[in-house]
Amino acid sequence: MGKMHLLAGSNWPAIGLCFFFFFLIASSAKIPTSKIPSTTKKSSALGVQLQVTDKQAVMFIGIKYKEMNNVLETKNYENNRGYWDVVWSRPRDSNIFDKVQATKFSIIVQNEDQVEISFSKIWSPSMDKTTVPLKVDKRYIVRRGSSGLYLYAVMERLKGWPDVDMDQIRVVFKLQSEKFHYMAISDDRQRVMPMPQDRTTGQPLAYPEAVLLTNPVNPQQKGEVDDKYQYSCENKDNKVHGWISNDPPVGFWMITPSNEFRDAGPVKQDLTSHVGPIVLNMFGSVHYAGKDLNTEYRNGEPWKKVFGPVYVYLNSIPPSENPKALGKMLKDNWPYNFPRSEDFPSSDQRGNVVGQLVVRDPYINEKLIDASLAYVGLAAPGAVGSWQTEVKGYQFWTQADKKGSFSIKNIRAGKYSLYAFVPGFLGDYKYNVDVIIQPGSEIKLGVLTYDPPRNGTTLWEIGIPDRTASEFYVPDANPTLVNKLYIDSPANKFRQYGLWERYTDLYPKNDLIYTVGVSNYAKDWFFAHVNRKVGNTAYKATTWQIIFELKSVMQSGSYTLQIALASATNSELQVRFNNANVKRPLFTTRLIGKDNAIARYGIHGLYWFYSIQVPASQLLQGKNTIYLTQTRNGSPFSGIMYDYIRLEAPTKA
């Protein structure tokens, strides 16, 4: 075996030292050693140096930074330190974990300012059956004056290749467990983490990811729950995360300047960093969505996508350095102009779209309403709301200002639909014309009008239409099953283990009853409609009631019950009016949902919307009761989260 070394000189603040990236090389055919000497010019940064002794690149094995010889975990096998992987399967078969190791190595760029190298392979039918049918080109870039490593991958299916499901694509770094103890995801989500052996000595809980720490290395962490899903993050917020070593002082950060290559839109949730210490960049997965995501490739469908570039940044963590500020700077420089793959377009090969979104709801205001802080995006053409299950193409999203004005920049050339959703309003918007982006195009869409679902005057409403259940009652965690990071964090209260069982504690015999005009949804509406535990492994379906008064019933036209769900997991919601025992419900969702957001500390998963027509014959003058039954009772995690419920009067003639 030989090795390839990348030596990067840096003038980054407080660093001033060189660092190396090591790649293990499979001995096959020799090529001349290539080395660029350090620059002799007066410069604040050394030139980039590359040394190569063998031809076939196999794996990434180390990063030397300052006095830390390898920031990656040297106790691990060399192929288990830093790698890309794809979780895939043949239709209806079990998942296969493929680290997409390369069979070919080539130098793309080699000079004092930059080195870009390629690790690639092309699938063929003669390969091992565990090898995903893909053409893969993994690229690594080191630049003068840059304290880190840029990485991206081009993955492609050629026409006619076998049918597969690809449920996960990511890059992984496993750091020195004896050095990196402090993890940071955001300003309010950072802490000293448990050690990996604490999970081994701990008590497994309801599923493998959750472990109660019973004998941790740090005694102060005894009694806490560790679960990697407690550190999940929405795509739109997942810009910078990583770990810090105190001795020596080293920060290791994963920085993502754009989400264009991540799947399922801005509010898709996924993993970040977790006990290991492990740093992830999840480009795509079925987490918080399940197989409702469009991860199937059938009938020889061709496909190509560029994942990244992302940036692995190392620093000496002085107080003056702020990784979030660096992340913003890198985002402002997007798209990078230095990657050499022809599949990664530069800014002059992209286009921009601007416009304004307004809301028309005469039942709220006769005038048009600014779509304040709306999320507006371009994704593959499809049905209304289809962006949230789209994974094969690119998505480009922005958040509008308070007036609903938006600007989407640096869009790859192609055909898209323009989608939006507006906090405070039901449903999804889709522009009725495809948007064609050409290199250098500047498209001005003008004022677009969204007509949210509405059939009549609001009689009453529960919640806020924001696609989450965050406004509802989230109970205190069982004090013996907590993550201390979230004890005094109201915004993250839902990230505690076992909250689904708190429903049984609060409603041991009778189910939730909500009285319109009396109850308060922030205190009286449990955040998740789950089953009641009636034995060690037995659960009972639950029926919630909404009680409301009607002074009179309009006989002309139908009433409308608008129900938006923030999550669904192996669930069926049935709706009945004024008779809980009638065999046939007025409405049923049938079996829906695989997002598992209840078990994985997600205050939402996929968004579901239903507009239910309610005949006047179903209603009574005076007291009325709606019965909401979640019928599937095979698991503690079968359940739904409501986003918003509204009853509307019939449309006036």
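## Q203 and the strand β14

At 40% relative accessibility, Q203 counts as partly exposed, a class that falls between buried, under 20% relative accessible area, and exposed, over 50%, as found with a 1.4 Å probe on protein chains only. Q203 is placed in strand β14, residues 203-204, where strands are DSSP runs of E of at least two residues and helices are runs of H or I of at least four, both numbered from the N terminus. With neighbours within four places in sequence left aside, Q203 is in contact (heavy atoms within 4.5 Å) with A210, V211, L212 and T214. The C-alpha atoms of Q203 and L213 are 6.5 Å apart in space, and the two residues are 10 apart in sequence.

## Basis of the model and overall make-up

This is a predicted model, in which local features need pLDDT of at least 70 and side-chain atom pairs count only at pLDDT 80 or more, whereas totals for chains, interfaces and linings use all residues. Residues are numbered from 1 along each chain as its sequence is written, and side-chain values use heavy atoms, with hydrogens and water left out.

The protein chain has 4 helices and 45 strands, and 59% of its 653 residues count as buried. Of the contacts between residues at least 6 apart in sequence, 72% join residues at least 24 apart.

D226, in strand β16 (residues 225-226), counts as buried at 2% relative accessibility. Its side chain is joined to that of R199 by a polar contact of 2.7 Å, a term for a pair of N or O atoms within 3.5 Å of which, within protein, one must be able to donate a hydrogen and the other to accept it, residues adjacent in sequence counting only if both atoms are side-chain atoms. Beyond residues up to four places away in sequence, D226 touches M193, P194, R199, E209, A210, V211, L213, Y231 and V275.

P585, in the loop between β40 (573-577) and β41 (587-588), is also buried, with a relative accessible area of 17%. Apart from residues up to four places away in sequence, P585 touches Q574, V575 and R576, while its C-alpha atom is separated by 9.8 Å from that of L628, 43 residues away along the chain.

D263 is found in the loop between β19 (249-255) and β20 (269-270). D263 is buried yet has no salt bridge, and K268, the nearest side chain of opposite charge, is 4.1 Å away; here Lys and Arg count as positive and Asp and Glu as negative, with His and the chain ends not counted. A polar atom of the D263 side chain lies 3.0 Å from the backbone nitrogen of S285.

The structure holds 7 cavities of 30 Å³ or more, and the largest cavity contains about 110 Å³ of space. Its lining has 14 residues, of which M166, I169, D263, G284 and V391 lie nearest its centre. The elements that give two or more residues to this lining are β11 (164-174), β22 (278-285) and β24 (303-315), and β11 gives the most, with 4 residues. On a 1 Å grid over the protein atoms alone, a cavity is a set of points where a 1.4 Å probe fits but cannot get out, a pocket is an open set with protein on both sides within 12 Å along at least five of seven lines, and lining residues have an atom within 4 Å of a point. Grid points are joined across faces, edges and corners, and a volume is the space filled by probe spheres set on the points.

## The largest pocket

The largest pocket has a volume of about 1100 Å³, and among its 49 lining residues the closest to its centre are S186, C233, E234, K236 and D237. The largest share of the lining, 6 residues, comes from α2.

## Salt bridges

The structure holds 32 salt bridges, each a side-chain nitrogen of Lys or Arg within 4 Å of a carboxyl oxygen of Asp or Glu. D237 and K236 meet in one of these (3.1 Å, N to O), and D237 is partly exposed at 44% relative accessibility, as is K236 at 29%.

R467 and D428 also meet in a salt bridge (3.3 Å, N to O). R467 lies in the loop between β34 (458-463) and α3, and D428 in the loop between β30 (414-421) and β31 (429-430), so the pair ties together parts that are 39 residues apart in sequence. R467 counts as buried at 10% relative accessibility, and D428 is buried with a relative accessible area of 17%. A network of salt bridges links D165, D167, K291, E296 and R298.
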